[in-house]
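Subject: Handover of a structure and the findings

Dear colleague,

Please find the structure below for your files.

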Amino acid sequence: MHNYADLHGRFMRAGHLAHILDESHALIIVLDAERRLVHCSKAVLDLVGAARLDELWGLRPGDFLRCANACEAGCGAGSLCGECGALLGIRSGLDGIAAETECSLTLMSQDQLQAREFKVRAIPVSLDGQPFVAVSLQDWTHEKRCRSLEQVFLHDILNTVGAVKGILHFLRADMTGDNRELLDTILPYFDLCVDEISAQQKLLAAENNELRLSLERFSLGQLLQGLANIHTQHALGRGKDIVVEMETTADEVISDRTIVHRMCMNLLKNALEATPEGGTVRMRAGVGPDVFHVCVHNPGAMPQDVQRHLFRRSFSTKGQGRGLGVYSVHLLCANYLQGRVWFETGEAGTTFHLRIPQGQDLQQA
């Protein structure tokens, strides 16, 4: 058994490590080779309700965190401990390999059980030739629950909208005259709603590094013309012209249609918002054997301060809570479609460019 007061003193003398831990708001613990606590940040003391560090010396994480599974036989010896992400990360760190894991802990707090989710990072540390591991615990319980609720909500609402859309298509077969014409006006908005929800699902998955591409062959010209037709009737497009131009006779591409649709729609919306009534937004596209490109032009110039912050999340010229449009275009294009997005702006107006590789090899890349 170590002399923990002596070990603590050695850490106190090891540069500014102890001072950093004391001042940090993060949950950070330092464990010895037996996974027993040597030092920790003040945030850990606050979490477990300890007044002094020496109350925790020599205890293992599950014991001082009051993990329900550790109550059986101690931290690391319970029936479910073999599946604990924190334990696996700590062991990896003690083996000299940095690790990032996740773990779900059920903690005893004031005689009540609390389910908590942690992201764990374990980093090997050597002091006087002895192995230790520094472990950071990031509590992301709220974030993970919100993510789960978002996924469930989007899944359920997509099913609901899809069902209504199917019923309307079924009713359309028995309609004639003005009723059928009215339904033909409404149905494209249901298609747009389904695409919006699917695109939001993909954006959430992209931000969490969980996105999987769904490649298909589709007409780029039809996609752009469909966006133009819908937004001509939209409030954003009222009194404005939307022109679609294909620069090549080739029209079909192989890519993720939902992502391409989302990116082009966001760029079109931005262009319409920057275009005065009576102005024209132009969407030009061309298809090559390996890549395709889309350009969206509006007649206004972009101010310098807007240019500097353009691709940042939640930056918007339209008020608080907006600003996912161009950010999501950049995220999806660069990280998932292996493409490029850039813009040019000046007296002649502003043009956003998308250049995207296509083909079945994209999925593997």
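Of the 365 residues in the protein chain, 43% count as buried; buried means under 20% relative accessible area, exposed means over 50%, and partly exposed lies in between (1.4 Å probe, protein chains only). Please note that this is a predicted model, in which local features need pLDDT of at least 70 and side-chain atom pairs count only at pLDDT 80 or more, while totals for chains, interfaces and linings use all residues. Residues are numbered from 1 along each chain as its sequence is written, and side-chain values use heavy atoms, with hydrogens and water left out.

Overall architecture

The protein chain has 13 helices and 12 strands. Helices (H or I, at least four residues) and strands (E, at least two) are DSSP runs, numbered from the N terminus. The accessible surface of the chain comes to about 19500 Å², and 50% of it belongs to carbon and sulfur atoms; such areas come from the Shrake-Rupley method with a 1.4 Å probe, and for residues only the protein chains shown count as cover. A contact means heavy atoms within 4.5 Å. Among contacts in the chain with a separation of 6 or more, 59% are between residues 24 or more positions apart.

The nonpolar cores

A nonpolar core is a set of buried Ala, Val, Leu, Ile, Met, Phe, Trp, Tyr and Cys residues joined through side-chain atoms within 4.5 Å. The largest has 49 residues, and those with the most contacts inside it include Leu220, Met263 and Leu354. Helix α10 (residues 257-273) gives this core its largest share, 9 residues. Which residues does methionine 263 contact, leaving aside its neighbours within four places in sequence? They are Val329, Leu332, Cys333, Leu337, Leu354 and Ile356. A second, separate core of 32 residues includes Phe64, Ala70, Leu87 and Leu105.

Strands β6 and β8

Strand β8 (residues 252-256) is largely enclosed by the rest of the structure, because 4 of its 5 residues are buried. Strand β6 (residues 215-219) pairs with β8 in the antiparallel sense over 5 bridges; two strands pair if DSSP finds at least two bridges between them. Within this pairing, leucine 215 stands opposite aspartate 256 in β8.

Salt bridges

Side chains of opposite charge can pair when their charged atoms come close. A salt bridge is a side-chain nitrogen of Lys or Arg within 4 Å of a carboxyl oxygen of Asp or Glu, and the structure holds 9 of them. One joins arginine 217 and glutamate 252, at 3.9 Å from N to O. Arginine 217 lies in strand β6 and glutamate 252 in strand β8, so the pair ties together parts that are 35 residues apart in sequence. Arginine 217 is exposed, at 54% relative accessibility, whereas glutamate 252 is partly exposed, at 45%. Salt bridges that share partners also join Arg52, Asp54 and Glu55 into one network.

Lysine 42 and aspartate 46 form another salt bridge, with their closest N and O atoms 3.3 Å apart. Both residues lie in helix α3 (residues 42-48), 4 residues apart, which is about one turn of the helix. Lysine 42 is partly exposed, at 46% relative accessibility. Glutamate 34 forms a salt bridge with arginine 36, and here the closest N and O atoms are 3.5 Å apart.

Two residues with positive phi

Most residues other than glycine have a negative phi, and most peptide bonds are trans. Arginine 35, however, has a phi near 65 degrees, and glutamine 338 has one near 55 degrees. Are these two residues buried or partly exposed? Arginine 35 is buried, at 11% relative accessibility, whereas glutamine 338 is partly exposed, at 39%. Arginine 35 sits in the loop between β1 (27-31) and β2 (37-40). Glutamine 338 is found in the loop between α12 (325-335) and β11 (340-346).

A buried serine and a surface patch

Serine 92 lies in helix α6 (residues 85-94) and is buried, at 18% relative accessibility. Not counting residues up to four places away in sequence, serine 92 touches Ile97, Ala98 and Ala99.

Leucine 171 belongs to helix α7 (residues 141-172) and is partly exposed, at 38% relative accessibility.

Yours sincerely
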